[in-house]
Amino acid sequence: MFNYLKYMLTVPRKFILNWAIAGGLYLVILPLAFANSSVESLLIDTQREAFRGMSENEVMMNLLGISDWDNVFTLEGMVTTYVMIPFVPILIGIATIILLNKLGSKAEEDGTFEFVASLPMRRSTVYFSQAIVAFFFGLFVTFSWTNIMFIPIATMELSQTLEYAPLMKATLQGALAGVSFGVLGFAAGAYTGKSSMAWAFGGGLMALEYLSNSLQSTNDLFLWVDENISSFGAYGNPYQDGLASGDLLLVLSKIFLFLAIGFIGFRKRSLNLR
């Protein structure tokens, strides 16, 4: 199992590192925009007033995940409410599906999975190894992003700052939301052996929950989905309020339910070997 885990981390190493580092370097732009009051006035205050008209469009605000126009132009608001929801879950979900497709169902379709199938391992070992990668990949990437972004916050005197511990709590909740979508895609691919099903189920759930979160004020069904089963809706405000056990339990329950369903299907079906 450990050799297979090593194989899964070595083969797509460039993909994993690119996602972990590139996103973090991009996010570094955010704290640097608050390098001092002059830079903040030029880059932040000007844009806030220039686009203030958007704040009057409720649908647009909801689609962008913005509930408070002025707050989103603070460092805390940008990172903990705008980046973490919706962008982190969407990006982590997409990246996880891409990675696990390469290692699983897509590899079966391409014929490159035969090497793995020939190894002296049980199917359960293969599945659980892939499940470990599916779960921890999104956490690793998201924590890499926020820790790289935190470097200028920790080393420079900025006009605005963030506290490390609350930021990590927000990172965990946002990452788990993305993991839930990616894991569903992985489980669907493992269950069916078709990479298209990974995108249909993982991407489909992501789209449904995103729309429910954005349009909850327009429809009772969307409101129910967002409040009761949505990973987006479970985010809350962990930077200010801390992690809520109910929200964590909801997202973790979804993740382990999806993994269990995928395991059942993977054990019973025949592999697509050439």
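In the predicted model, the count of cavities of 30 Å³ or more comes to 1, and the space within the largest cavity amounts to about 70 Å³. The lining of this largest cavity is made up of 13 residues, of which G104, S105, Q130, F186 and A190 are the closest to its centre. Three helices, namely α6 (75-103), α7 (105-110) and α10 (164-192), each contribute at least two residues to the lining of the largest cavity, and the greatest contribution is that of α10, which supplies 4 residues.

Two packed helices are described by the angle between their axes and the distance between the axes. For α6 and α11, the axes come within 10 Å and cross at roughly 170 degrees; because angles over 145 degrees count as roughly antiparallel, α6 is described as roughly antiparallel to α11. On the side of α6, the contact is made by P86, I90, G93, I94, I97, I98 and N101, and on the side of α11 by S195, A198, W199, G202, G203, M206 and Y210. The residues of this contact between α6 and α11 divide into 9 nonpolar and 5 polar, with no charged residue among them.

Helix α11, spanning residues 195-214, also contains S212. The relative accessibility of S212 is 0%, and S212 therefore counts as buried, the cut-off for that class being under 20% relative accessible area. When residues up to four places away in sequence are not counted, S212 touches F222, V225 and D226.

A further residue, N62, is located in helix α5, which covers residues 58-63. With a relative accessibility of 21%, N62 counts as partly exposed, whereas S212, at 0%, counts as buried. N62 and Y210 are separated by 148 residues in sequence, while their C-alpha atoms lie 9.8 Å apart in space; Y210 is one of the α11 residues that make the contact with α6. Once its neighbours within four places in sequence are left aside, N62 is in contact with S214 and S217, and S214 is the residue at which the range of α11, 195-214, ends.

Definitions and conventions
Residues numbered from 1 in each chain as written. Predicted model: local features only at pLDDT ≥ 70, side-chain atom pairs only at ≥ 80, totals over all residues. Heavy atoms only, no water. 1 Å grid on protein atoms, 1.4 Å probe; cavity = no way out; pocket = protein on both sides within 12 Å on 5 of 7 lines; lining within 4 Å. Points joined across faces, edges and corners; volume = space filled by probe spheres on them. Buried < 20%, exposed > 50% of the residue type's maximum accessible area, 1.4 Å probe, protein only. Contact = heavy atoms within 4.5 Å. Axes fitted to C-alpha atoms, helices over the stretch in contact; angles between N-to-C directions. Parallel < 35°, antiparallel > 145°, perpendicular 65-115°, else oblique. Nonpolar A, V, L, I, M, F, W, Y, C, P; charged D, E, K, R; others polar.
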